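Trainee: Can we go through this one together? I'd like to start with the helices and then move on.

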Amino acid sequence: MVSLVFSTMSKCKDDGNAPARSEYSVSTENDFAVTHMNMNISLQEGVISTDDSSAQSNWDTQVSLFVLFLLMYLATVLGNFLIVLLIRLDSRLHTPMYFFLTNLSLVDVSYATSIVPQLLAHFLATHKAIPFLSCAAQLFFSLGLGGIEFLLLAVMAYDRYVAVCDPLRYSVIMHAGLCTRLVITSWVSGSINSLVHTAITFQLPMCTNRYIDHISCEILAVVRLACVDTSSNEIVIMVSSIVLLMTPFFLVLLSYIQIISTILKIQSTEGRRKAFHTCASHLTVVTLCYGTTIFTYIQPHSNPSVLQEKLISLFYAVLMPMLNPMIYSLRNKEVKGAWQKLLGKFSGELMDKENQTWVSEFLLLGLSSDWGTQVALFVLFLAMYLLTVLGNLLIILLIVLDSRLHTPMYFFLSILSLVDICYTNSTVPQMLIHFLSAWKSISFHRCVMQLYISLAMGSTEFFLLGAMAYDRYVAVCYPLHYMVIMHGGLCLGLASACLTAGLTNSLMQTVMIFQLPFCHKVINHFACEMLAVLRLSCVDISLNKVMVAISGFLVIMLPCILVLFSYAHIVAAILRIRSSQGRRKAFGTCASHLTVVSMCFGTAIFTYMRPVGRSSAGQEKMVALFYAVVTPMLNPLIYSLRNNDVIGALKRTLEKLKEKTG
């Protein structure tokens with residue numbers, strides 16, 4: 001299959017094998033460069049070979065960019081989906097303006113998804129290739145969604161014009177049928193324009209050089225690859241830009257001229273301020289969106305700056321979709337009101353009309369009602385809690401201080417220790433307080449946060465154990481390539497993916513549980529545990545039980561399957577080792593992880609993967625207590641007592657302290 005190779009925000013050496021500077025390479029003034037590669041292409045065999053000896057020096061920059069854009073992408077997706085969710089749930093937002101805003105948010109999410117995930121993957125890859133068909137699809141979707149956004153902004157400008165200039169007939173003019181037709185017209189027009197451009201662009205014959213000097217398959221960057229005269233294509237791009245960008249832009253200008261004229265006729269200052277406020281968010285988005293795009297595509301193409309195109313496209317593809325929900329929420333009282341109303345539902349401020357009430361606090365039964373038993377449990381669990389925090393902090397400290405532990409295995413172990421500390425702190429301090437309290441209550445907000453954090457940290461731990469199993473698989477089965485395969489970018493990417501998956505799973509479960517009406521407020525548990533809270537609902541929770549089962553399978557069984565797969569290969573590789581010493585050493589590198597995996601997965605499977613109807617509250621308490629308190633305490637002990645590297649690091653650290661104090 002034909003592939004195209006990206007030169008994403010990078011420099012190429014100026015030699016005979018590099019792309020010609022005037023056509024494909026970034027200028028030497030590009031301070032945004034993150035790699036410096038010498039690439040050779042063998043067209044006859046379709047093979048791309050890369051000499052990335054100097055790329056490693058700037059690897060940290062790529063990892064930093066990966067983290068930055070990953071966070072921005074998550075903020076984009078969550079922010080826009082939150083806007084859609086608020087509009088869907090709040091009947092006061094069921095108006096034409098917010099109908100158009102829903103479509104704009106969906107377009108923003110789709111546009112960012114068409115570019116950013118591939119961009120993130122390329123930050124951690126040395127071979128930044130994309131198949132021909134994928135490139136065509138990316139160009140089609142990004143160009144189509146971009147065109148749809150401009151048309152939607154023009155439609156929203158017309159909506160604001162009617163709202164300000166003819167407010168008494170607003171609901172009559174902007175009826176549901178017209179709004180639907182305007183949205184469908186925007187989607188169809190943008191898609192047709194993109195289809196025409198994509199077809200024309202990819203019919204061009206491409207030269208032997210297939211390097212796209214851009215972050216994605218952007219239309220101007222792809223056109224430059226053609227080995228024929230592209231004047232006609234540039235004319236088509238210009239005409240399309242005028243039709244698709246300038247026509248809606250003139251409609252926006254005309255609308256706002258009429259809006260400003262109407263606002264100036266309003267006599268009261270308060271009335272003018274209120275009228276202008278209804279347009280402020282849309283006007284801000286229009287200024288950012290049209291300003292950036294006009295600067296990118298309408299400027300003369302005789303001397304284009306590739307770096308400028310990259311940065312402007314990056315701004316439009318990443319920043320704009322992230323900023324739109326912020327602009328429409330921070331500058332919009334109705335959206336903020338809907339958000340407060342939604343929070344009010346979770347905090348128990350609203351009452352159900354059919355005796356299904358929203359509680360403001362819950363009562364936890366705990367482990368025992370006997371005072372003497374509670375005091376003894378307080379002392380026991382306080383000691384275990386201190387051991388957990390100190391042990392895991394010591395593991396993190398040793399890994400940070402000892403350079404010999406700066407390996408992928410101990411990077412994951414430090415993340416695991418941090419997760420254990422967060423998980424323990426989400427439940428144990430409150431449990432200790434309740435041991436010495438007669439009134440064991442917890443507010444609604446704190447219960448929500450406790451369930452979210454504990455579920456997120458627990459999910460993250462399972463994914464981390466799966467990642468650590470893969471690390472051990474590479475270490476045992478491919479020892480000579482271990483540091484090449486498990487490079488810093490991959491480790492950071494795996495850790496970020498584990499955390500993101502855990503947080504997302506927890507958010508979905510928490511939202512589904514706490515939107516239920518609760519008839520009872522007594523939780524037969526020592527913490528706000530998922531199954532215990534579900535039992536308080538006075539409505540059918542069949543859907544929630546299904547979601548718990550699906551979540552349990554995805555979060556527990558999939559990493560468990562990965563662990564089993566990894567250890568099956570590890571055992572097979574160890575059995576092929578002839579010497580007993582070699583087998584013992586290979587197994588020793590996995591013993592600690594295998595012990596932790598057995599405890600964590602065994603406990604969690606027993607808790608969540610069995611039939612919910614057969615569960616015993618007492619058994620659930622004991623199992624959850626073991627997982628919340630005992631396992632985080634044992635993890636640092638297992639990894640220190642059974643690990644010579646950690647013991648050696650501890651001895652070296654103690655010797656250094658003695659030398660300094662002595």
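Trainee: What should the 28 residues of helix H2 span, and how far apart are its end C-alpha atoms?
Mentor: Keep in mind that this is a predicted model. Helix H2 covers residues 96-123, and at 1.5 Å a residue it should span 40 Å. Its end C-alpha atoms are 40 Å apart, which agrees.

Trainee: Where does H2 bend, and by how much?
Mentor: The bend is at Thr 113 and comes to about 35°. A proline, Pro 117, follows within four residues.

Trainee: How many of the residues of H2 are buried?
Mentor: The count is 22 of its 28 residues, so H2 is mostly covered. Buried here means under 20% relative accessible area.

Trainee: And helix H13, what span should that have?
Mentor: H13 runs over residues 444-477, which is 34 residues, and at 1.5 Å a residue it should span 50 Å. The end C-alpha atoms of H13 are 50 Å apart, in agreement with that.

Trainee: Why call H13 largely enclosed by the rest of the structure?
Mentor: Because 27 of its 34 residues are buried.

Trainee: New topic, the surface. Which residues make the nonpolar patch?
Mentor: The patch is made by Leu 394, Leu 397, Val 400, Leu 401, Leu 650, Leu 654 and Leu 657. Its area is about 610 Å².

Trainee: Which elements give two or more residues to it?
Mentor: Those are helix H11, residues 371-401, and helix H20, residues 644-661. H11 supplies the largest share, with 4 residues.

Trainee: What holds strands together in general?
Mentor: Strands of a sheet pair through backbone hydrogen bonds, in either a parallel or an antiparallel way.

Trainee: Parallel or antiparallel for S7 and S9?
Mentor: Strand S7, residues 361-364, pairs with S9 in the parallel sense, over 2 bridges. In one of the residue pairs, Leu 363 has Val 522 in S9 as its bridge partner.

Trainee: Last topic. How many salt bridges does the count come to?
Mentor: The count comes to 5 salt bridges. In one of them, the side chains of Asp 159 and Arg 160 meet at 2.8 Å, N to O.

Trainee: Are those two buried or exposed?
Mentor: Asp 159 is buried, with a relative accessible area of 1%. Arg 160 counts as buried too, at 7% relative accessibility.

Trainee: What about Asp 166, which residue does its side chain meet?
Mentor: The side chain of Asp 166 meets that of Arg 169 in a salt bridge at 3.1 Å, N to O. Asp 166 is partly exposed at 23% relative accessibility, and Arg 169 is partly exposed at 48%.

Trainee: And which residue does Arg 472 form a salt bridge with?
Mentor: Its partner is Asp 471, and the closest N and O atoms are 2.8 Å apart. Both Arg 472 and Asp 471 are buried.

Trainee: Which residues are joined into one network?
Mentor: Asp 402, Arg 404 and Arg 652 are, through salt bridges that share partners.

Methods: Residues are numbered from 1 along each chain as its sequence is written. This is a predicted model: local features need pLDDT of at least 70, side-chain atom pairs count only at pLDDT 80 or more; totals for chains, interfaces and linings use all residues. Side-chain values use heavy atoms; hydrogens and water are left out. The expected span of a helix is 1.5 Å times one less than its number of residues. The bend at a residue is the angle between axes fitted to the seven residues ending there and the seven starting there. Buried means under 20% relative accessible area, exposed over 50%, partly exposed in between (1.4 Å probe, protein chains only). Patches are made of residues with over 30% relative accessible area and no salt bridge: like charges are joined within 9 Å, nonpolar side chains (Val, Leu, Ile, Met, Phe, Trp, Tyr) within 5 Å. Accessible areas come from the Shrake-Rupley method with a 1.4 Å probe; for residues, only the protein chains shown count as cover. A salt bridge is a side-chain nitrogen of Lys or Arg within 4 Å of a carboxyl oxygen of Asp or Glu. Two strands pair if DSSP finds at least two bridges between them.
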